[in-house]
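Have the viewer open while you read.

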Amino acid sequence: MATSTNMDRILLVILCFLTCNVCLPSVASPDSFLQCLSATVPSELVFQQSSSSFMSVLESSVQNPKYLTNTTVRPLCIVTASDVSHVQAAVRCGRANAVRLRIRSGGHDYEGLSYRSVQPEPFAVLDLARLRAVDVNPFEATAWVGAGATLGELYYAIGTASPNLAFPGGACPTVGVSGFLSGGGIGLMMRRFGVGADSVIDARVVNANGDVIDGVAAADPDLFWAIRGGGGESFGVVVAWRLRLSMVADTVTVVNLERGLDGGATALVAKWETLILQPSMPTELSIRVVVQDRHAFFQTLFLGRCAQLLRTMRAAFPELGMAPGDCQEMPWLRAMAFIALGGDATAPPEALLNRTNNLGTYVKNKSDYVRRAIGTAGWEGIFRDQLSRYGPGLMILEPHGGAVQDFDTPYPHRRGVLYNVQYVVFWGGEANGTAAAAATGWLGELYGYMERFVTSNPREAFANYRDLEIGENAVGAHGVTTYESGRVWGEKYFMGNFQRLAVVKGRVDPGDYFRNEQSIPPLL
């Protein structure tokens, strides 16, 4: 039997081994990092700052030019991995030389944290856009999708493989699949099938040691739980997802209706709030509402034919005045193109494959959740005091209820939630000029005004609509993100699931290698 002294020595050796195994070197070595990459990744896939193509590659999927200014801390290089082995090499070279990775798929992240760093630390971008294969198995109603694919590419592959298969994704086709799933993923079919992350049935992950974990669902159930909506980039690099696909009818119906204040928009939005959690409302029906200036835009997707939709609407929401001429019947794939392109009934499905980014307009977003109807009087104040004062600003209301309530993934905004609110403001000119001050100032006022209507303790927020204004990580004395600083923002995104996510992080990445300003901290 070991003596107490010997046992202490054994524990000390184990602790030293674990500490050395998970922590970064104390001093970053960018040159050594680049040399390491050159020995393991083809040179044509690595773009250093000195490369003439560096900026074009950096900009390739950026959706908000605000974070491409000269004041942004830029990466040492961009690794455009075309094979999982390149991902492994980037992780191992980064770990060995104290250079962190920012993982990018679609580039829609609202704070640009997939390609920039707020803090001045050496980092590289690991761009997954080349890992975008989609393999649909129509007989099993499943698909393997590479982390670099967009939602539009996923929809196109599914819809061309079978007219009766679909996936409950979002309305914007250029959003990256991996980012969408990692944050939970809300969309127009979630009342029927749950959020996007609820349909993930397996994944392939490169961990903090650079090792590939195949079949994460069986190999590490806690990690599998965490990456499906808990901020996947905090735990490793998900390189592929296996999805359960949903069955839909040959024909679905889409309807876009606009109503102004003089047409009763305020009362219509208030009535819409009351419908969401009613058991009589079929989960095949989803009505998203966009309010802007003096108008409300009702965007409807019904997983069935127009005649059935109209019967439901006449019974539940006759005030909206939906008529047969408002309906557009089409296959699900074409409906996704219709929604993505703003109601163009002639839009071909191939339009979903367009990966063009947006570098012409600056944008700032925030989010909230509503659990108690705001009511007509409340909406009158919102239109009068806020929306009608600033035309470029808008609110997008995404209805919950239905199947959203039935799953156990880190997305926590389920039972009792009426809808999610996304606040959006646009401006042109300069990233931080007069127009920016006016736009963000108005957004801040609206967000403050809405406090009386939305959730509190915590004021819930959506992880996919990342917002650094609600909190940023701080690094503690041991060189890892502190749990206390992460709770400030983390419990707004993940509520009671935040602590469980931090425990998983503490086990799979205790050295906090996969880190950004809002990554899950390790709870050791």
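What follows covers a sheet, the helices lying on it, and a separate helix pair. Keep in mind that this is a predicted model.

Let's start with the sheet. Seven strands make up an open sheet with antiparallel pairing, in the order β15-β12-β14-β13-β17-β18-β16. At the edges sit β15 (328–330) and β16 (362–370), each of which pairs on one side only. On average, neighbouring strands here are turned by 20 degrees against each other, ignoring direction.

Zoom in on β17 (residues 394–399) and β18 (residues 419–427): these two run antiparallel and are joined by six bridges. Across that pairing, glutamate 398 stands opposite asparagine 420 in β18.

| Helix | Strands it lies across | Angle |
|---|---|---|
| α11 (residues 306–316) | β12 (252–260), β13 (285–292), β14 (295–302), β15 | about 70 degrees to β13 |
| α12 (residues 332–340) | β12, β14, β15 | about 20 degrees to β12 |

Now for the helix pair. How far apart are the axes of α2 and α4? Helix α2 (residues 30–40) packs on helix α4 (residues 84–96) with the axes 9 Å apart and at an angle of about 155 degrees. Angles over 145 degrees count as roughly antiparallel, so that is what α2 and α4 are to each other. The crossing of α2 past α4 is right-handed.

As for who touches whom, α2 brings Phe33, Cys36, Leu37 and Thr40, while α4 brings His86, Ala89, Ala90, Cys93 and Gly94. Sorted by type, the residues of this contact come out as six nonpolar, three polar and no charged.

Note on methods:
Residues numbered from 1 in each chain as written. Predicted model: local features only at pLDDT ≥ 70, side-chain atom pairs only at ≥ 80, totals over all residues. Heavy atoms only, no water. Pairing = 2+ DSSP bridges. Helix = DSSP H or I, 4+ residues; strand = E, 2+ residues; numbered from the N terminus. Axes fitted to C-alpha atoms, helices over the stretch in contact; angles between N-to-C directions. Contact = heavy atoms within 4.5 Å. Parallel < 35°, antiparallel > 145°, perpendicular 65-115°, else oblique. Left-handed = near helix turned anticlockwise from the far one by under 90°. Nonpolar A, V, L, I, M, F, W, Y, C, P; charged D, E, K, R; others polar.
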